[in-house]
Structures are given as C-alpha cells and as structure tokens.
Amino acid sequence: MLHVFSTGFSRRFSRSLLSLGILALLGTCPGLWCEKLCGQTAVSAVQDGASASQLRVADRVMPQTNPVVEHPLMPAIRWAYQGLQDLQKIQDYSAIMVKRERVNGKLNDPEYAFVKIRHKPFSVYMLFLEPAAVKGQEVIYVEGQNDGKMWAHPAGLKNKLIGTVSLDPTGPIAMQNNRYPITEIGVLNLVRRLIEVGEQDMKYGECEVKFFEGAKINDRICTCIQVVHPVPRRNFRFHLARIYVDTEHNVPVRYESYDWPTEPDGAPQLIEEYTYLNIKVNNGFTDLDFDIRNPNYAFRVKESSQGQQ
C-alpha cells in the first residue's frame, strides 16, 4: 500500500535520516524485533571522575579553503528535505507502535499500541495492547479540538468508574512515564525532528556516519544508518543513534539512541527507541476514526459532554 514513494528513493531517503536525534514518538525492545543489528558499535568511555560541568563543547567546524570537504551530515540534510515532501503526500497510516524509554533515569518496559494517524488535521487514535497494566486504554487527539486537550480513558473497571477524561498532552498525568507528548507522535514528526537535530550537529565536528545494508526489523529488510559522537560533549544529545529505513517502502520504521557509557569499557546506555510495525498508508480515515463516539471504541462520556469541539 506504500505506493506514494517513488522508486529509487530508498537510498536517498535513507541517507536523509542521518539527522538522528530524538523523537518522536514510541519504540521497541531490540531483542524482540531487531534480527540483525548494524555491526559493532563504536564506544567511547567517559573518563573516571569527569563531571558534566567538565565536558567542553565540541569544536565548531572551521571554514575550508581548498578543497571543500562537506560535513558528513550535509548530503543527508539535502536528501531529507526531498524525502520530507514524499512523506507529506501520505494522508494517513496505521501501525503497531512500540516504544521503550528511559524516564527519570529508569528504563521502562516496552509498550505496544495500535495507532491510527492522520496528517491533516493532525489526528491520533491509540489503543494500548501491552503491558497488561495499560491494555485496553484508548487515547484520541485531534489538532484544533477539545481546547487542545486529548481524550483518554483507563482500562477495565477503572473505565466504568472514571470514564473518559480530557487531559493536557503536556501535563503531568499525560506525561507520566513518557518522554514526549502525543502531539509529537508519528513518522513525519520523527523526520522533522531528525532534520532539526542534524542541522544543529552540523555546526560541530566529531561525527562518524556508517551505512549497513541488510538489517532486519520484524522480517523487513532495512538499511541501518548509524551516527556516532565519539567524545561526550555538552552540545550532543546522544553518543550513538541508529535509524532503520524499510528498503522496499522507503519508510523509517525504527529509531534508537544511546548515551555514553557510565564507566570505562562499559556499554552505551539506551535512552529511547521507537518502532513502527505493519505500516499501512492511505487508509482513507474519516473524522469518525478520531471520534470518541465511534461505536467500535470504549470511550464512556456523559451525554452532556459527548459533543466534540
């Protein structure tokens, strides 16, 4: 169904995503879905006793005279903008979204959710599948509706007692155990953020980029793009980041980033990972797909507050 992408765009779009950073929205456990990681990662250990205040800012890239040498991320930035135009041609998509995040120093268990996402107006429906503590919860967010708030309800008996509530997407309840709000979910938002971070990183050196063909995510052949900042600097958001781009459909299906090791010769520390599985695009979603009154959903609201704004 991913017919909106032109042939031959896979490599161009894959390289576009070197602007790796954070995202957007929601990932998986490497042991579950990544059948072939992209090679041995380069690890730089933080020196014993070094504090955050002692980390200097990476050197800015000085203008070159002759010959001109591009920053390793420069071709990716150009191609990213071209790829962004193709992504914007997608009207909507569904997927199984999986995320794993480190929040307040604790690495949370993976969470799985079925999602529907529409680009205009930006709309999100989520049904949580795992773990058991959140299974059955539903969330809807539609840009420009409900005073900017999202609708949500708990699962099971709590739904009967509490029903549907409106929450600020960036408020403490909605952000509990989350790094980012629902307003930043989705592949398109992911690519936009990667471009933003990549352009910031281009101001500095100390950036290594590698490509790995033949990686697999959930039996899908992907190109893995790996970016490494060998030395910890205050201006870098990660030590190691990888993005996996589906070779056939030219869609980024996984992003993961790691912090520097906490001890010499230690392993990088996972910061966040987000994976989109079984993506199906241009389903023709209507307003009913993002309506709490949809009879296929389990939202429970009082009659007086059922109308959506």
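**Close-up 1. Asp291 and Arg293 form a salt bridge, with closest N and O atoms 3.0 Å apart.** A salt bridge here is a side-chain nitrogen of Lys or Arg within 4 Å of a carboxyl oxygen of Asp or Glu. Asp291 is buried, at 12% relative accessible area. Arg293 is partly exposed, at 43%. Buried means under 20% relative accessible area, exposed over 50%, and partly exposed in between (1.4 Å probe, protein chains only). Elsewhere, salt bridges with shared partners join Arg242, Arg254, Glu256 and Glu273 into one network. The salt-bridge rule gives a count of 14. This is a predicted model, in which local features need pLDDT of at least 70 and side-chain atom pairs count only at pLDDT 80 or more, while totals for chains, interfaces and linings use all residues. Residues are numbered from 1 along each chain as its sequence is written, and side-chain values use heavy atoms, with hydrogens and water left out.

**Close-up 2. A salt bridge joins the side chains of Asp289 and Lys116 (2.8 Å, N to O).** Asp289 sits in the segment after β13, and Lys116 in strand β4 (residues 111–118), so the pair ties together parts 173 residues apart in sequence. Strands (E, at least two residues) and helices (H or I, at least four) are DSSP runs, numbered from the N terminus. Both Asp289 and Lys116 are buried.

**Close-up 3. The side chains of Arg220 and Glu248 meet in a salt bridge (2.9 Å, N to O).** This pair links distant parts of the chain, 28 residues apart: Arg220 is in strand β10 (residues 220–228), and Glu248 is in the loop between β11 (240–246) and β12 (252–259). Arg220 is partly exposed, at 31% relative accessible area. Glu248 is exposed, at 58%.

**Close-up 4. Gly214 lies in strand β9 (residues 208–217).** Its relative accessibility is 25%, so Gly214 counts as partly exposed. Thr247 is 33 residues from Gly214 in sequence, and their C-alpha atoms are 8.7 Å apart.

**Close-up 5. Leu157, Leu161, Ile162 and Val165 form a nonpolar surface patch.** Together they have about 420 Å² of accessible area. Areas come from the Shrake-Rupley method with a 1.4 Å probe; for residues, only the protein chains shown count as cover. Patch residues have over 30% relative accessible area and no salt bridge; like charges are joined within 9 Å, nonpolar side chains (Val, Leu, Ile, Met, Phe, Trp, Tyr) within 5 Å. Helix α4 gives the most to the patch, with three residues. Ile162 lies in α4. At 54% relative accessibility, Ile162 counts as exposed.

**Close-up 6. The largest pocket has a volume of about 870 Å³.** On a 1 Å grid over the protein atoms alone, a pocket is an open set of points with protein on both sides within 12 Å along at least five of seven lines; a cavity is a set where a 1.4 Å probe fits but cannot get out; lining residues have an atom within 4 Å of a point. Points are joined across faces, edges and corners, and a volume is the space filled by probe spheres set on them. The pocket is lined by 36 residues, with Val134, Gln137, Ile173, Gln176 and Asn178 nearest its centre. β7 gives the most to this lining, with three residues. The lining holds 24 nonpolar, six polar and six charged residues. Ala, Val, Leu, Ile, Met, Phe, Trp, Tyr, Cys and Pro count as nonpolar, Asp, Glu, Lys and Arg as charged, and the others, Gly among them, as polar.
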